[in-house]
Amino acid sequence: QVQLVESGGGLVQAGEFLVLSCAASGFSVSLSDMAWYRQAPEKQRELVAAIDSTGRSSYLDSVKGRFAISRDNAKNMVYLHMSSLKPEDTAVYYCSEIRNDYWGQGTQVTVSS
């Protein structure tokens with residue numbers, strides 16, 4: 001059974017650091033193109049970061065230099081390291097497997113000013 005479970009969200013102050021984790025089961029992240037999306041209230045869901053099966057990563061312009069996506073193949077996990085957080089980063093963050101359109105339930109990140 002395919003499952004993605006995000007964790008690590010919370011309430012932080014602007015400028016702080018947070019790491020989101022995504023535990024995958026039912027498939028191998030090492031063979032997959034994985035991504036983190038986010039959706040803020042009354043806004044469209046947007047792609048924040050992605051990492052393909054070769055390890056190449058890409059980022060939303062507004063998070064470049066602050067966020068980093070990584071993958072631990074042995075643990076079958078994907079991470080999103082978020083630094084220098086801003087209030088505009090506040091959103092529900094979702095882990096996704098791109099090719100098969102698998103999604104987690106999301107984790108809330110709130111950044112206070």
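**Exercise 1. Find how far apart the mean positions of the positive and negative charges of the chain are.**

Next, place each charge at NZ of Lys, CZ of Arg, CG of Asp or CD of Glu. The chain then has 10 positive and 12 negative charges, and their mean positions lie 4 Å apart.

A quick note on the model: it is predicted, so local features need pLDDT of at least 70, side-chain atom pairs count only at pLDDT 80 or more, and totals for chains, interfaces and linings use all residues. Residues are numbered from 1 along each chain as its sequence is written, and side-chain values use heavy atoms, leaving out hydrogens and water.

**Exercise 2. Work out how many helices and strands the chain has.**

Look for DSSP runs, numbered from the N terminus: helices are H or I with at least four residues, strands are E with at least two. You end up with zero helices and eleven strands.

**Exercise 3. Decide whether Tyr79 is buried or exposed.**

First, locate Tyr79: you'll find it in strand β8, residues 77-82. Now recall the cut-offs: buried is under 20% relative accessible area, exposed over 50%, and partly exposed in between, using a 1.4 Å probe and protein chains only. Tyr79 has a relative accessible area of 17%, so it is buried.

**Exercise 4. Find which residues Tyr79 is in contact with, leaving aside neighbours within four places in sequence.**

Contact means heavy atoms within 4.5 Å. The partners of Tyr79 include Val19, Leu20, Trp36 and Asp72.

Conventions. Lys and Arg count as positive and Asp and Glu as negative; His and the chain ends are not counted.
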